[in-house]
Amino acid sequence: MARPVLAIVGRPNVGKSTIFNRIVGDRLAIVEDKPGVTRDRLYGVGEWLNTSFSVIDTGGIEIDGEDAILKSVRIQAELAIEEADVIVFMVDAKAGVTPSDEEVAQLLFRSKKPIVLAVNKVDNLARQDDIYEFYSLGFGDPVGISGSHGIGIGDLLEVVCNLFPDKKDDEYGEEVIKFALIGRPNVGKSSMTNAILGEERVIVSDVAGTTRDAIDTPFERDDQKFVIIDTAGMRKRGKVYENTEKYSVMRAMKAIERADVVLVVIDGQEGIIDQDKHIAGYAHEAGKAIVIVVNKWDVVDKDDKTMQHFTQTIRDHFLFLSYAPIVFVSAKTTQRLHKLLPVVIQVAENHSLRVATHLLNDVVSDAVAYNPPPTDKGKRLRINYVTQVAVKPPVFVLFVNEPELMHFSYERYLDNKIRAAFGFEGTPIRILSRRKS
Ligand code: GDP
Ligand code: GDP
């Protein structure tokens with residue numbers, strides 16, 4: 001199930017980043033030990049009671065020149081209106097209603113999405129009365145909060161979570177593989193989408209009453225059903241901000257959330273830049289199956305070592321994606337493109353693979369016998385039992401004497417052993433340690 005999306009919108013300095021950090025907390029850092037994963041905080045996962053949701057901090061888009069504030073606020077509002085399920089419109093109790101707030105209000109009025117007005121910097125009870133003037137903005141009851149004091153955040157999230165669309169079953173059946181092509185502008189995502197579909201019989205959905213996104217494209221090949229989840233941005237060209245990194249990352253987020261398999265597209269001609277890594281890092285953190293696709297292979301000068309060298313370069317740059325297979329293609333000439341879907345099918349299978357508990361325990365106890373966990377202050381980690389608790393991605397729980405004794409390097413050792421025994425190419429796997437002696 002894709003998480004619902006919350007966007008925080010407002011003029012600069014009202015406290016959007018402060019609230020974003022409060023909501024996301026340290027949850028963003030699923031893989032903090034692994035190098036190469038971005039710490040760029042513009043997208044994160046929040047939780048309130050039983051609801052897990054994505055949060056977009058729409059602030060921080062840099063726009064230069066005249067009317068910079070107005071322009072950036074416009075972009076934020078547009079992003080939020082398109083991408084979010086619920087929008088928090090944030091204002092500042094200390095500043096009162098400003099003309100910029102009114103501008104934002106005008107933009108948000110066009111949205112059909114639910115909007116919650118949050119008045120920040122209500123740092124104490126005396127300030128509570130300051131929220132009433134914000135009724136004039138026309139968004140109903142304001143919720144008073146204080147980002148720096150952590151007041152009212154729970155109340156705000158409760159209102160927000162109640163406005164998220166009802167959880168519905170996944171729009172597509174379990175047997176359908178949903179994949180998204182992500183990557184910076186101009187790597188060839190649209191060309192590749194067209195090339196893939198060009199070879200296929202595109203089936204138009206005739207399922208009545210589905211809330212299927214218009215930008216999803218279902219198709220079928222050799223009895224396997226697929227859906228390409230388009231990162232909407234591909235269809236909307238020519239906006240000033242389209243090529244900014246933050247914007248393309250945000251556009252990719254929603255597609256990543258909804259996909260089972262993410263194809264990280266790289267330009268074989270231009271090579272790898274940081275932006276490629278940032279985008280791939282999100283897919284990794286989201287726990288999706290990943291295939292690295294090197295496009296424009298037609299224009300690369302090749303000899304018999306080129307592919308090997310490029311593979312090594314990718315491995316060096318994407319240390320956190322060592323599990324992802326690499327496919328070289330040309331969307332333009334469709335050269336090697338037939339290799340892509342079989343790999344997508346394979347990694348999707350690995351992503352939802354369930355390993356029998358006894359096999360898992362055999363592999364882990366062999367691994368432990370061969371290379372026992374190191375001791376720490378005279379104590380040694382003891383692993384009593386392992387079980388797989390989830391798929392998509394596979395999650396393994398180790399029941400141990402003392403979880404604190406588990407070290408990252410030993411976890412990685414077990415990770416490698418599990419992978420060597422069961423495959424799991426193309427999917428991240430997670431290993432958790434829980435106390436149970
Ligand atoms: P953004 O530009 O909307 O993302 O705003 P920031 O989160 O960067 O905050 C702008 C300023 O307001 C910073 O100096 C924050 O420390 C301050 N600030 C944020 N939340 C609060 C709050 O609840 N109370 C007070 N008094 N200051 C706050
Ligand atoms: P997107 O922004 O990632 O969707 O990229 P596009 O699909 O729009 O492609 C950007 C540019 O790269 C266009 O001029 C394409 O014709 C070109 N292009 C895409 N794929 C290939 C390829 O495999 N080989 C070559 N030579 N050019 C390509």
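## Basis

Helices (H or I, at least four residues) and strands (E, at least two) are DSSP runs, numbered from the N terminus. This is a predicted model, in which local features need pLDDT of at least 70, side-chain atom pairs count only at pLDDT 80 or more, and totals for chains, interfaces and linings use all residues. Residues are numbered from 1 along each chain as its sequence is written, ligands are numbered from 1 in the order in which they are written, and side-chain values use heavy atoms, without hydrogens and water.

## Sheet and helices

Six strands form an open sheet of mixed pairing, in the order β2-β3-β1-β4-β5-β6; two strands pair if DSSP finds at least two bridges between them. β2 and β3 (residues 51–57) run antiparallel, joined by 6 bridges, and V45 is opposite S54 in β3.

Helix α2 (residues 68–83) packs on the sheet and touches β1 (5–9), β3 and β4 (86–92), a contact being heavy atoms within 4.5 Å. The direction of α2 makes about 160° with that of β1.

## Ligand 2

The shell of ligand 2 holds 16 residues, the closest being N186, K189, S190, S191 and D298; a residue belongs if one of its heavy atoms lies within 4 Å. Helix α5 (residues 189–198) supplies the largest share, 3 residues.

Polar contacts are pairs of N or O atoms within 3.5 Å. A polar side-chain atom of D298 is 2.7 Å from a nitrogen atom of ligand 2. Oxygen atoms of the ligand lie 2.9 Å from a polar backbone atom of G188 and 3.1 Å from a polar side-chain atom of K296.

Methods: Axes fitted to C-alpha atoms, helices over the stretch in contact; angles between N-to-C directions. Polar contact = N/O pair within 3.5 Å; in protein donor to acceptor, adjacent residues only side chain to side chain.
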